[in-house]
Amino acid sequence: MTRDSTDLFGDLLGPVPGRRVVPVLVPMPAPKAYSYGVPDGMAVEPGSIVQVPLGPRLVVGVVWDGDDDGSVDPKKLKSIEKVFDCPPLTRDMRTFLDWVAAYTVTPPGLVARMALRAPAAFDPEPMVEALRLTEMRPERMTAARERVIAAASDGFSWTRSGLAHAAGTSSSVIDGLTQQGVFETVFMPPPPVVALPDPDFVAPRLEGAQKDAAADLLAAVEEGGFSVSLIDGITGSGKTEVYFEAIAATLRAGKQVLILLPEIALTSSFLERFQDRFGAKPAEWHSDLAPRTREKVWRQVTTGTVRVVAGARSALFLPFEDLGLIIVDEEHDPAYKQEDRVFYNARDMAVVRGRITGFPVVLVSATPSVESRVNGEVGRYKPIHLPTRFGDAALPRLGLVDMRQHPPARGGFLSPVLINQIGKAVERGEQALLFLNRRGYAPLTLCRVCGHRFQCPDCASWLVEHRFRGQIQCHHCGYSEKTPEACPECGTLDHLVACGPGVERIAEEVERHFPEARTIVLSSDLMGVKRLRLELDAIARGEADIVIGTQLVAKGHNFPLMTLVGIVDADLGLANGDPRAAERTFQLLSQVTGRAGRTGLKSLGLLQTYQPQHPVMQAIVSGDADAFYEREIAEREKALLPPFGRLASLIVSADTRQDAEGHARGLRMAAPRTDGITILGPAEAPLALIRGRHRFRLLVHGRRNSDMQAFVKAMIAAGPKERGSISVQLDIDPQSFL
C-alpha cells in the first residue's frame with residue numbers, strides 16, 4: 001500500500017489510538033481552542049503555527065498551551081495538516097494574547113488572528129539567485145567588463161541587477177561573462193527589508209533637560225525589567241531625540257524595538273529623523289503597506305532580522321523574536337483605540353506587553369492623557385518633564401479672539417483679527433496654518449423654502465457637502481450622491497444653502513481675501529497617503545503660504561516657516577456628552593498651536609471662540625497646563641470616572657428599533673446585583689442609526705477595583721441570546737460615546 005493511501009485511510013478512520021492530541025487556537029470567535037491530533041512523525045509545540053481542517057476549509061491556527069480536555073470523540077478528531085516552517089509564538093506572546101482576550105472579553109481566536117496577519121510569510125522566503133566571481137576571465141576584455149569584474153572582486157555575491165547598477169553597465173554584459181564561466185550561480189538568503197540601524201551612527205545633540213531625561217531612560221534600559229516612563233514635554237522640546245537614546249541602548253543590548261505612532265502613514269518626517277540618527281529607516285507596519293512588504297516585515301520580525309519597527313496600533317501584535325523596548329509616541333491620541341471586532345487601547349496593551357515580558361515602556365506626549373498623568377503622580381509611571389523647547393526656541397504667543405466682539409463678515413467665518421494676522425505673515429514670507437476639525441465644505445445642506453435637510457438614508461447623520469467633488473456624503477457609512485440643484489422635497493431650484501464651515505469653505509474664504517497666496521488644504525478625504533506625504537514635504541520646504549487642515553496637521557509635523565496658527569472654531573468638540581470632551585479639546589488645540597515657531601521664529605497662535613472664559617481656553621492661552629490637569633483630575637475623581645472608576649459600553653444593534661431596544665432591556669434585566677457597579681440605560685445612542693441598523697447603548701459604571709469583565713460576562717450569559725439581526729458590541733474602557 002502506498003504512503004498516500006495510508007494517509008487517506010488514516011483520515012477516514014480517525015486518529016490512531018494513543019496519538020498525541022493538542023489544543024489549536026483558530027482565527028474565529030470560538031470560546032476556546034479546538035482539539036486536533038498530531039500525525040506520527042510531526043513535531044509541534046505550544047506556539048507552533050499550523051494548518052488544520054475546520055469544516056470544509058483549511059485554516060491557519062496556533063498550537064496553544066494546556067492539555068486536551070478529552071471532550072471530543074477520538075474517532076471524530078481531525079489531524080493537523082501542516083506545520084509551517086517559522087518560529088513558534090513565544091510563551092510571553094501567548095500569555096499576552098490570552099490576557100488581551102480576557103481583558104477585552106473577546107474570543108481568544110480573534111485576538112490570535114491579529115498576530116497572524118501575513119499568512120504568506122509563515123513559510124521561509126525563497127532564496128535569491130546571485131552571481132559570484134570565479135577564477136575564469138573573458139577571452140576579450142572591454143571597459144564595461146573590467147568595471148563589472150572590479151565591482152565583483154570584493155568576494156561577495158551579487159544579484160544580476162545589483163551588479164549591473166554598481167558597474168554602470170547593462171545586464172547583457174553580465175550575461176555574456178556568465179556564459180564564459182566568469183561568474184557562477186549561487187543562492188543567497190533574501191535581503192533584509194531595511195538595513196540594520198547603527199546606534200552610534202550619529203552622536204546625539206542633547207541640551208540641559210534633554211540630557212537628564214535621556215539619562216533616566218538609559219538607566220531604565222540598562223537596569224532591565226519592567227518599568228513605564230512618561231515623557232511629558234512641551235511641543236518642540238526634543239522628546240524624540242530623548243527616546244532615540246533609549247532605542248540606541250536597547251539596540252546595543254541586542255534587543256528589538258517597537259515604536260508606536262498614531263498616524264504612521266503620515267509620518268515620513270519621523271522616518272527621516274530616525275534615519276538621520278541611526279543610518280537606516282525602521283521597518284514600517286500599517287494598513288497601507290503592500291502585501292509583499294507586510295509579509296517580509298512579519299517574517300523578518302519573527303526571525304530577528306528586523307531590529308526596529310515603527311507602526312500603527314496593530315504592530316503591537318507582531319510576534320517579535322526578542323522585544324526589549326516599546327515607545328508609544330503621542331500616547332494621548334485616540335487613534336490608539338481600536339473599535340472594530342477586538343476593542344482595545346494599544347497604549348494600555350503596550351504597558352501590559354512590557355509587564356509580561358519584563359522590559360521598559362516609554363509613553364511620550366506634550367499633552368498626556370489624564371490616565372497617564374495620574375499614573376505619573378501616584379508613582380506607577382516615572383514622569384520625565386521637558387519644560388523648554390530645544391535650542392531655546394520660544395513658544396508661540398497665544399491669544400483668544402472673542403467672536404462676540406470681533407465677528408466675521410456676513411457669510412464668512414474668519415474674524416478680521418485673524419485675517420489681519422494672516423496677511424502680515426504672508427507679507428513676511430512666512431506661513432499661516434488655519435485649523436478646523438471638520439472635513440468637506442459644509443456639514444449640513446438645507447432648503448431655504450421648505451426647510452428640508454439632507455440626511456443619510458441609512459444613518460442618523462446629515463450629509464456633508466464636498467464641493468470640490470460635487471457630492472454630498474455621509475461620513476459614517478460612505479453613502480454619497482451628486483450635489484442636487486433642486487430640493488427633493490419641494491422641487492425649488494437654487495434655494496439650497498450650505499450651513500456651517502468645513503475646510504473647503506474656509507479655503508474659499510481665504511482665496512477671496514488672499515488671491516495671490518499659495519494655499520493647500522490638508523484633509524484625509526481629499527487625497528491618498530502618498531499625496532499627503534508630498535503635500536507635507538512641500539509645506540516643510542516653504543512651497544505654501546497658507547495651510548488649511550483638519551486634525552492631520554496636529555500629528556507632530558515640523559513646519560520651519562510656520563509662524564501663525566489660527567483655530568477657526570476652538571469651541572468645536574466641547575458641546576457634547578463625552579466625559580473626555582474638555583481633555584480632548586485641550587490636547588488637540590495645544591498640539592495644533594504647537595506647530596508654530598518650532599525653529600525659533602517669533603510666532604502667534606489665535607483661537608476663535610465664543611467661550612473665552614471656558615477653562616480649556618484659559619488653560620491654553622495662559623500656558624498653565626498643570627491647572628487644567630488639576631481641575632480635570634479633580635472632576636474625574638469626584639465622578640468616579642477613569643482612572644478613578646471603570647466603564648464598559650454595550651451597543652445593541654438590529655435591523656429594527658424594536659428588536660434593538662427589546663434586547664437591550666433584556667440585558668439590563670439580566671444584570672447581576674453587584675455592589676459598586678451600576679448600569680445606565682438602555683438609551684438610544686447619539687448616532688441612533690448607522691448603516692441601516694438601529695442602536696441602543698448600555699453604560700456600565702463601577703469603582704476602580706470592580707471586576708467589570710465578570711459582571712458583563714454574567715449579564716450577557718443570563719440575558720437574551722443574539723438572534724436574527726441582533727448584535728451586541730462590548731467595549732471595555734470605551735473612548736467613544738457615540
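This is a predicted model: local features need pLDDT of at least 70, side-chain atom pairs count only at pLDDT 80 or more; totals for chains, interfaces and linings use all residues.

Arg 373 counts as buried, because its relative accessibility is 14% and the cut-off for burial is under 20%.

- The side chain of Arg 373 meets that of Asp 626 in a salt bridge, with an N to O distance of 2.6 Å.
- Because Arg 373 belongs to helix α12 (residues 370-377) and Asp 626 to helix α18 (residues 625-639), the pair ties together parts that lie 253 residues apart in sequence.

**Other salt bridges**
- The count of salt bridges in the model comes to 33, and among them is the contact between the side chains of Arg 132 and Glu 184, at 3.0 Å from N to O.
- This pair links distant parts of the chain, with Arg 132 in strand β6 (residues 128-133) and Glu 184 in strand β7 (residues 183-188), 52 residues apart.
- Arg 132 counts as partly exposed at 34% relative accessibility, and Glu 184 likewise counts as partly exposed, at 33%.
- A further salt bridge brings together the side chains of Arg 467 and Glu 465, at 2.8 Å from N to O; here Arg 467 is partly exposed at 39% relative accessibility, whereas Glu 465 is buried, with a relative accessible area of 6%.
- Salt bridges that share partners also join Glu 371, Arg 580, Glu 583, Arg 631, Glu 632, Glu 635 and Arg 636 into one network.

- Strand β9 (residues 256-260) is mostly covered, with 5 of its 5 residues buried.
- In a regular strand the side chains alternate between the two faces of the sheet.
- Both faces of β9 are covered, with Gln 256, Leu 258 and Leu 260 buried on one side and Val 257 and Ile 259 buried on the other.
- β9 runs parallel to strand β12 (residues 323-329), to which 5 bridges join it, and β9 also pairs in the parallel sense with strand β11 (residues 308-311), over 4 bridges.
- Leu 260 has a counterpart in each of these strands, standing opposite Val 328 in β12 and having Gly 311 as its bridge partner in β11.

**The open sheet β20-β21-β22**
- An open sheet is formed by 3 strands in the order β20-β21-β22, with antiparallel pairing.
- Because β20 (464-466) and β22 (480-482) stand at the edges, each with a single partner strand, one side of each is left without a neighbour in the sheet.
- The twist from one strand to the next averages 25 degrees.
- β20 pairs with strand β21 (residues 471-473) in the antiparallel sense over 3 bridges, and the bridge partner of Val 464 in β21 is Gln 473.

Notes:
Residues are numbered from 1 along each chain as its sequence is written. Side-chain values use heavy atoms; hydrogens and water are left out. A salt bridge is a side-chain nitrogen of Lys or Arg within 4 Å of a carboxyl oxygen of Asp or Glu. Helices (H or I, at least four residues) and strands (E, at least two) are DSSP runs, numbered from the N terminus. Buried means under 20% relative accessible area, exposed over 50%, partly exposed in between (1.4 Å probe, protein chains only). Two strands pair if DSSP finds at least two bridges between them. Axes are lines fitted to C-alpha atoms, for helices over the stretch in contact, and angles run from 0 to 180 degrees between N-to-C directions.
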